[in-house]
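The sequence and the model are shown first, and the description follows.

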Number of protein chains: 4
Amino acid sequence: MYGSTFGNILKISTWGESHGAGIGVVIDGCPAGLPLSLEDIQAYLDRRKPGQSRFTTQRKEADTVDILSGVFEGKTTGTPISLMVRNTDQRSHDYSQIADCYRPGHADRNYDIKYGFRDYRGGGRSSGRETIGRVAAGAVAAKILKELGVEVTAYTLSIGPVTIDKSKFDKEEMGRNALYMPDADAAKKAQAYLEDCMKEKNSSGGMVECVIKGVPAGIGEPAFEKLDAALAKAIFSIGAVKSFEVGDGIAAASSDGLHNNDAYRMDEEGNVRKKTNHSGGITGGISDGAPIVLRAAFKPTPSVAAVQETVNRRGENIEISIKGRHDPIIVPRAVVVVESMAAFVILDAMLGSMTTRMDAVKDFFKNL
Amino acid sequence: MYGSTFGNILKISTWGESHGAGIGVVIDGCPAGLPLSLEDIQAYLDRRKPGQSRFTTQRKEADTVDILSGVFEGKTTGTPISLMVRNTDQRSHDYSQIADCYRPGHADRNYDIKYGFRDYRGGGRSSGRETIGRVAAGAVAAKILKELGVEVTAYTLSIGPVTIDKSKFDKEEMGRNALYMPDADAAKKAQAYLEDCMKEKNSSGGMVECVIKGVPAGIGEPAFEKLDAALAKAIFSIGAVKSFEVGDGIAAASSDGLHNNDAYRMDEEGNVRKKTNHSGGITGGISDGAPIVLRAAFKPTPSVAAVQETVNRRGENIEISIKGRHDPIIVPRAVVVVESMAAFVILDAMLGSMTTRMDAVKDFFKNL
Amino acid sequence: MYGSTFGNILKISTWGESHGAGIGVVIDGCPAGLPLSLEDIQAYLDRRKPGQSRFTTQRKEADTVDILSGVFEGKTTGTPISLMVRNTDQRSHDYSQIADCYRPGHADRNYDIKYGFRDYRGGGRSSGRETIGRVAAGAVAAKILKELGVEVTAYTLSIGPVTIDKSKFDKEEMGRNALYMPDADAAKKAQAYLEDCMKEKNSSGGMVECVIKGVPAGIGEPAFEKLDAALAKAIFSIGAVKSFEVGDGIAAASSDGLHNNDAYRMDEEGNVRKKTNHSGGITGGISDGAPIVLRAAFKPTPSVAAVQETVNRRGENIEISIKGRHDPIIVPRAVVVVESMAAFVILDAMLGSMTTRMDAVKDFFKNL
Amino acid sequence: MYGSTFGNILKISTWGESHGAGIGVVIDGCPAGLPLSLEDIQAYLDRRKPGQSRFTTQRKEADTVDILSGVFEGKTTGTPISLMVRNTDQRSHDYSQIADCYRPGHADRNYDIKYGFRDYRGGGRSSGRETIGRVAAGAVAAKILKELGVEVTAYTLSIGPVTIDKSKFDKEEMGRNALYMPDADAAKKAQAYLEDCMKEKNSSGGMVECVIKGVPAGIGEPAFEKLDAALAKAIFSIGAVKSFEVGDGIAAASSDGLHNNDAYRMDEEGNVRKKTNHSGGITGGISDGAPIVLRAAFKPTPSVAAVQETVNRRGENIEISIKGRHDPIIVPRAVVVVESMAAFVILDAMLGSMTTRMDAVKDFFKNL
């Protein structure tokens with residue numbers, strides 16, 4: 001397999017299986033001199049840690065991160081930052097029951113066909129735990145972005161049929177409820193809906209929205225490295241994502257030019273402003289200075305306790321009901337993963353933009 | 001700027017502006033010995049050629065392709081295939097009126113901020129003509145895929161409020177109407193809708209759907225090179241795309257596990273089949289053997305003749321109405337672009353899968 | 001085939017065969033706002049043009065370059081710069097005699113085995129004409145470097161047994177003699193030696209040396225992108241190169257630490273200076289501020305008129321004497337190719353260094 | 001910093017400093033189903049382990065490797081293989097004396113200028129310990145190559161003025177003497193020479209030669225991914241390398257075409273053979289089926305105990321004599337590093353060649 005490395009100027013390489021020795025990431029290209037502590041990274045990992053509410057798997061995973069390289073006396077050295085989380089709670093027997101069969105909605109069978117063996121230990125590389133490396137790297141990217149005046153915020157937009165009411169948007173509320181929803185009423189409704197799902201041994205899908213503020217205009221490249229194209233790949237590389245949108249997204253298809261175009265006007269301070277933000281902050285693949293708004297749809301957790309039809313490796317029709325401790329909803333824990341991938345892509349694109357203009361390049365080396 | 005090269009095993013590098021000498025692409029990594037003719041490529045380019053109906057710009061663009069390298073005695077040599085289309089109809093004066101101002105919904109201002117100058121000749125690199133190189137490369141990819149038993153078919157799914165009725169799906173119909181819609185009734189309704197848009201000097205958005213048949217299970221890579229992630233980037237790198245979906249897409253967010261999971265069953269021939277295809281042929285980023293189904297939403301053409309508010313380079317509020325010959329709808333001409341990018345990504349992933357298993361690698365060199 | 005694209009921040013993709021329609025290069029990532037004219041590029045191409053002395057092939061090749069994209073109103077736009085040279089003098093019959101056999105010292109047989117066909121038209125992609133794209137790109141890189149205060153100078157160091165006497169180094173002399181040798185006496189001796197080679201229907205090898213002045217200390221990356229490693233690949237990717245050295249090069253193997261180390265001293269202006277430059281300006285893969293000095297050994301032209309033993313495609317032993325118009329020595333025309341590749345690598349590394357330090361990154365975006 | 005990832009189909013990403021928590025590598029793209037054990041990797045690491053003779057540093061480094069991911073039930077899974085060696089013996093005080101000054105011949109000052117701080121703990125990323133990750137990866141590459149019938153063998157060619165006599169080449173002898181020299185007499189002379197160096201508190205340079213047998217003809221790519229160009233970068237990315245050659249190398253510059261060309265003849269079995277191997281197994285960047293022969297020159301260890309002139313961070317002229325435990329010669333421990341990098345490049349190129357021909361691609365998917 002290849003494809004475990006991502007990024008242009010800044011590169012991350014993730015490694016690790018759900019039931020191996022650990023999970024990790026190597027970050028290459030991080031500028032030298034950034035103050036970076038274990039706490040900076042652990043804070044992000046804790047947001048995806050399971051067992052925090054009855055809506056997430058009850059597996060006990062400490063997910064404590066180690067910094068193995070790239071930081072000296074509290075600052076990044078400019079060399080690769082190697083981060084690792086040891087796998088602790090590995091009750092493989094939880095999975096023994098499915099060792100021989102293919103779980104519907106999972107990649108079990110695809111992996112078996114591709115690699116020629118069945119890793120029955122809970123998905124191996126396709127496990128959600130692969131995102132640990134992404135989140136650890138996202139914590140570093142977010143810290144750098146903060147120093148550049150850029151803030152990335154993701155939250156739960158909807159769970160099943162329950163969507164937040166933007167007029168009630170309350171950033172503080174996100175931290176208060178178990179679902180990372182910035183709307184207390186919606187969170188209550190969503191929790192009731194999830195209770196029902198769990199009673200029926202079923203699971204739910206949902207959506208995550210992410211807003212990035214402070215990105216200057218002019219970030220992103222024409223052609224294949226459009227800022228939204230890079231974001232699309234990053235977000236779609238998160239397991240369970242089935243749709244990705246920017247700005248009005250799918251609604252733009254049924255709109256018309258006069259409504260969808262964002263008119264420009266001069267504001268009091270003599271700055272150019274858009275009267276609307278249908279574009280979601282990106283036009284022609286390049287940031288326009290308005291907040292960048294993106295959304296991703298997550299499919300329902302495929303592991304459900306209810307009885308399902310499937311086949312086993314011997315080609316026999318069978319029925320299974322998946323035991324074990326699974327999230328009835330992926331979304332709340334996926335919020336920080338979306339935030340991390342978005343932060344990484346924005347930072348990589350900003351760093352890439354430093355060589356765009358001859359005058360800036362000349363200034364850089366003149367000041368050297 | 002960087003980012004004009006795309007692909008892993010197979011690489012395409014596009015170049016050219018809307019009003020330069022020409023537009024082209026270099027395809028690197030094409031296997032040697034593929035029969036390839038000018039006609040193979042021209043046939044694809046003709047599908048995106050303007051002036052074919054009153055719903056596409058009346059600009060006269062011959063868009064005749066030249067093969068400059070990589071083909072010898074009718075077959076690919078394995079060396080880079082360089083393809084070029086000369087720009088012919090360049091009535092720059094059509095654009096002179098907007099030389100000084102920023103068109104709403106266009107990347108004009110972003111480019112100016114990024115590069116430090118205003119290319120007033122019709123968008124330069126952000127012009128739809130950049131897709132000529134993609135389509136030329138797509139023609140080559142599609143020809144190889146055909147030899148591997150893979151068929152890629154894209155069509156117009158919706159225009160504004162008008163969506164096709166899948167029960168009336170008629171592949172032949174696509175070629176008959178000006179909108180590439182596989183449903184005659186929907187095409188009629190859509191044309192009426194577009195007539196109204198044009199009367200109002202307005203434009204419309206729409207959606208393209210693409211189905212890929214014959215891809216074996218096991219194609220695509222975990223982590224960042226998931227097959228759907230690679231497709232997401234490829235499709236989102238087409239200007240005007242605002243959303244990308246696979247399978248049930250955004251609908252999966254409001255679904256539940258028991259409905260969204262595709263159950264496996266053995267068929268009469270003793271092959272494993274999925275009873276449904278909610279996944280759209282990809283699970284965990286790897287093909288599952290079912291048809292791959294993807295969709296993209298295109299925003300309305302930003303160039304409309306109606307009056308719009310904007311600003312000019314001097315920071316003054318102004319009003320413009322964009323003259324010139326613009327498509328009231330991008331979608332019909334974008335169909336072949338989506339098909340081309342999808343073909344390229346699928347082929348690249350299939351070639352990449354040849355080194356996945358040790359036994360296959362050993363067989364290859366044993367047979368050498 | 002892949003591998004026709006080179007570079008990290010700045011990328012070049014070359015295409016074209018010796019006897020196809022033309023030869024070209026696409027330069028992606030060139031900063032916007034660089035004044036660039038046809039003359040800038042043609043001047044470099046003229047230095048590798050054949051037919052300039054009796055020591056180079058008498059083929060008439062105008063090698064006139066076209067700029068197809070990336071330049072607007074005399075300045076680079078930041079979009080891909082596409083450059084093409086049409087092939088003119090294509091007397092394929094000169095090559096017909098070798099259509100069926102494998103020329104010793106050439107890649108004929110390797111290509112046939114690799115790609116499954118014999119391009120008898122004079123080497124196709126392995127022809128020296130592939131370097132046209134590199135030189136055109138080198139002209140652009142050299143122009144940018146000049147604006148950054150960096151000067152790249154290559155020259156003929158030796159031809160067969162004749163090496164220049166550095167105490168007689170005369171930069172002006174390079175342009176005066178047909179061999180690009182900066183030493184008039186050595187040039188005379190070398191010309192006499194070449195006359196003898198030609199009488200014997202034989203050819204000669206030689207060496208090129210390149211000195212790069214003005215590169216600030218700190219350019220290049222540890223690990224795999226060491227500045228000398230990147231230069232090694234770039235120079236070794238020129239056909240016929242058999243050795244690459246930096247600084248004392250191979251002599252360092254028989255030296256000792258006390259002699260090979262460059263001692264540091266403070267100079268009158270209070271700047272750190274090295275008393276010697278055994279390192280050739282690069283230590284640990286990173287520039288140390290001293291002139292960068294590299295050398296490459298070129299093998300003798302494999303095409304010789306004398307009779308040689310070989311085999312044909314039918315597996316028969318045969319004898320051939322290669323007709324046609326071949327250089328008795330590659331080196332004089334290779335000088336500008338080495339200069340071009342070196343310039344490209346140095347520029348790419350300098351651009352790459354702009355994101356190394358957090359303070360510089362913050363300053364860049366603060367000033368935005 | 002970037003540049004810690006290397007390879008096309010197969011990718012390695014190394015991380016770690018000489019005095020951090022550890023050193024490691026992530027191998028991405030390794031085919032699934034390869035039997036791989038800790039012993040396979042440890043055996044290679046032991047060859048570069050210090051403290052094995054009085055000619056290598058007396059530092060005690062166990063250098064025991066852990067497999068953190070990518071291997072399941074004794075076989076590779078096709079997912080990233082993460083390998084780590086914990087740093088044990090970290091007597092930083094050994095280095096405290098040089099914390100404030102720049103060691104001649106080292107990258108200390110370049111790093112300080114580049115990154116803005118002085119890592120006084122023994123070179124950090126520029127330390128020879130960075131090669132641990134390369135050797136661990138090389139062990140995996142060599143094991144795969146063995147299954148493909150390819151054997152890579154490196155040895156010490158010369159130390160200071162002492163070069164082996166090829167007529168006395170004895171592969172077994174390599175393991176017997178402390179210098180990895182395949183010639184007992186030369187080894188004795190070299191040891192005497194090194195004793196003298198050590199008495200004079202000085203160090204010595206030397207050369208490593210590497211021979212690769214069993215590579216089929218047709219491996220490598222034209223243009224920038226020539227097999228010798230890829231090898232040049234890989235070998236030159238090893239610290240202390242100052243020259244790289246293939247086949248006759250630098251000697252080709254003073255040779256002539258008739259001597260340097262390898263004539264083809266049919267052998268008894270009706271196979272094509274070259275009468276000589278001046279090319280070193282590579283012509284036009286592509287393997288010709290003969291053994292691949294390459295050489296690298298290593299400069300003398302810069303750390304010597306004798307007194308040297310240098311400057312400190314405050315810009316004062318000072319004198320230092322470097323204490324600590326340093327190799328008087330790098331070469332014997334570098335042999336396995338050269339072997340590892342060569343193995344990796346050859347394997348990567350062989351995997352890359354699997355998509356070269358359309359017929360092979362079609363066969364692959366037909367057999368699927």
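## A salt bridge between chains A and B

A:Glu309 is joined to B:Arg265 by a salt bridge, with 3.7 Å between the closest N and O atoms. The term salt bridge denotes a side-chain nitrogen of Lys or Arg within 4 Å of a carboxyl oxygen of Asp or Glu. By this rule, eight salt bridges are found across the interface of chain B and chain A.

## Basis of the description

The model is predicted: local features need pLDDT of at least 70 and side-chain atom pairs count only at pLDDT 80 or more, while totals for chains, interfaces and linings use all residues. Residues are numbered from 1 along each chain as its sequence is written, chains are lettered from A and ligands numbered from 1 in the order in which they are written, and side-chain values use heavy atoms, with hydrogens and water left out.

## The interface of chain B and chain A

Chain B brings 105 residues to the contact, and chain A brings 105 residues; contact means heavy atoms within 4.5 Å. About 8,600 Å² is buried between chain B and chain A, and carbon and sulfur atoms give 59% of this area. Buried area is the accessible area (1.4 Å probe) that two parts lose on being put together, summed over both. On the side of chain B, the residues that lose the most area to chain A are B:Tyr2, B:Phe224 and B:Tyr264, which together make up 11% of what that side buries.

The rule also finds 50 residue pairs in polar contact across the interface of chain B and chain A, both residues being at pLDDT 80 or more. A polar contact is a pair of N or O atoms within 3.5 Å; within protein, one must be able to donate a hydrogen and the other to accept it, and residues adjacent in sequence count only if both atoms are side-chain atoms. Helix 3 (residues 108–115) of chain B gives the most to the side of chain B that touches chain A, namely seven residues. Helices (H or I, at least four residues) and strands (E, at least two) are DSSP runs, numbered from the N terminus.

## Strands paired across the two chains

Strand 11 (residues 241–246) of chain A pairs with strand 11 (residues 241–246) of chain B in the antiparallel sense, over three bridges. Two strands pair if DSSP finds at least two bridges between them. A:Phe244 has B:Phe244 as its bridge partner in strand 11 of chain B.

## The interface of chain B and chain D

Here 24 residues of chain B are in contact with 24 residues of chain D. The two chains bury about 2,300 Å² between them, with 79% of it on carbon and sulfur atoms. In chain B, B:Met354, B:Met358 and B:Phe365 lose the most area to chain D, together 30% of what that side buries.

Two salt bridges are found across the interface of chain B and chain D. In a salt bridge between B:Glu147 and D:Lys362, the N to O distance is 2.9 Å. Helix 4 (131–147), helix 9 (331–352) and helix 10 (358–366) of chain B are the elements that give two or more residues to the side touching chain D. Helix 10 of chain B supplies the largest share of that side, six residues.

## A sheet in chain C

Chain C contains an open sheet of five strands in the order 1-2-3-7-4, with antiparallel pairing. Its edge strands are strand 1 (5–6) and strand 4 (65–69), each pairing on one side only.
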